[in-house]
Amino acid sequence: RLISRDDRMKSAVFVLGTLLIAATAASQDALSAAKDLYASAAYEDALVALTRVKETAPELAQEADEYRAFSLFALGRTSEAEAVVESVVRKDPFAVPDSRDASPRINEMFGQVRKRLLPDMIRDEYKSARATLDKGQIPAAVPSLNKVKRMLDQAKSLGVMDQTLNDLDVLVGGFLDLAKSTAELASAEAAAAKAAA
């Protein structure tokens, strides 16, 4: 019998999905193998394996970088480890090292790097949010404002708040209140318009 175009499309989608699942599983296996190398103190081999994971599975790069930092630190290459941690924290200011493999000294290194980077990261994210607000796009600024708020909370817990960050904390809180009020007003107006129709 003739195979319809829809059936061919469904088959192609199925094959593609199967290949993606297989590729993801292979990447996860490669990362697990690299973690095992780290756990068995084969740090140089772990670094090679983790570099391969980063090249072949960009979606696992952040986790691979954490273990690269662990391995570099274990090899005494502290400045390289700190550079990798800096990259991790810049991509995700809320990244926390895997508690199963991170020693207290590694956790301390993450904390020190985060303390150093957070104030500038907060200011940069706030500038981005402020640029969106200045265009009158209050709802679009909310994700950045929430991120700034979370980073400010983290800065408080790390003891790196200064007067500028305290001022930003007040401003961000005010903008988030404004965004909430604006959303509630828009919702009320939409409900009134719907009721009138």
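This is a predicted model: local features need pLDDT of at least 70, side-chain atom pairs count only at pLDDT 80 or more; totals for chains, interfaces and linings use all residues.
A charge sits over a ring if NZ of Lys or CZ of Arg is within 6 Å of the ring centre and within 35 degrees of the ring normal. The charged end of Arg150 sits over the ring of Phe94, at 3.7 Å from the ring centre.

Now the overall fold. The protein chain has seven helices and zero strands. Along the sequence, the pattern reads α-α-α-α-α-α-α. The chain holds 197 residues, and 34% of them are buried. Its accessible surface comes to about 11,900 Å². Carbon and sulfur atoms account for 57% of that surface. Contacts reach along the sequence as well. Take those between residues at least 6 apart in sequence: 63% join residues at least 24 apart.

Is Asp65 buried or exposed? Its relative accessible area is 1%, and the cut-off for buried is under 20%, so Asp65 counts as buried. Which residues does Asp65 touch, not counting those up to four places away in sequence? They are Lys54, Val84, Ser87, Val88 and Lys91.

Ala69 is buried because its relative accessibility is 0%. Neighbours within four places in sequence aside, Ala69 is in contact with Ala81, Val84 and Val85. Ser79 gives a distance to check on screen. Ala69 and Ser79 are ten residues apart in sequence, and their C-alpha atoms are 9.8 Å apart in space.

The aromatic rings come next. Four aromatic pairs are counted in the model. One of them joins Tyr38 and Tyr67, with ring centres 5.8 Å apart and planes at 80°. Planes over 60 degrees apart count as edge-to-face, so this pair is edge-to-face. Where do the two partners sit? Tyr38 lies in helix H1, residues 5-39, and Tyr67 lies in helix H3. The pair therefore ties together parts that are 29 residues apart in sequence. Both Tyr38 and Tyr67 are buried.

Asp65 is buried, Ala69 is buried, and Tyr67 is buried.

Key. Residues are numbered from 1 along each chain as its sequence is written. Side-chain values use heavy atoms; hydrogens and water are left out. Buried means under 20% relative accessible area, exposed over 50%, partly exposed in between (1.4 Å probe, protein chains only). Contact means heavy atoms within 4.5 Å. Rings of Phe, Tyr and Trp (its six-membered ring) pair if their centres lie within 6.5 Å; planes under 30 degrees apart count as stacked, over 60 as edge-to-face and the rest as tilted. Helices (H or I, at least four residues) and strands (E, at least two) are DSSP runs, numbered from the N terminus. Accessible areas come from the Shrake-Rupley method with a 1.4 Å probe; for residues, only the protein chains shown count as cover.
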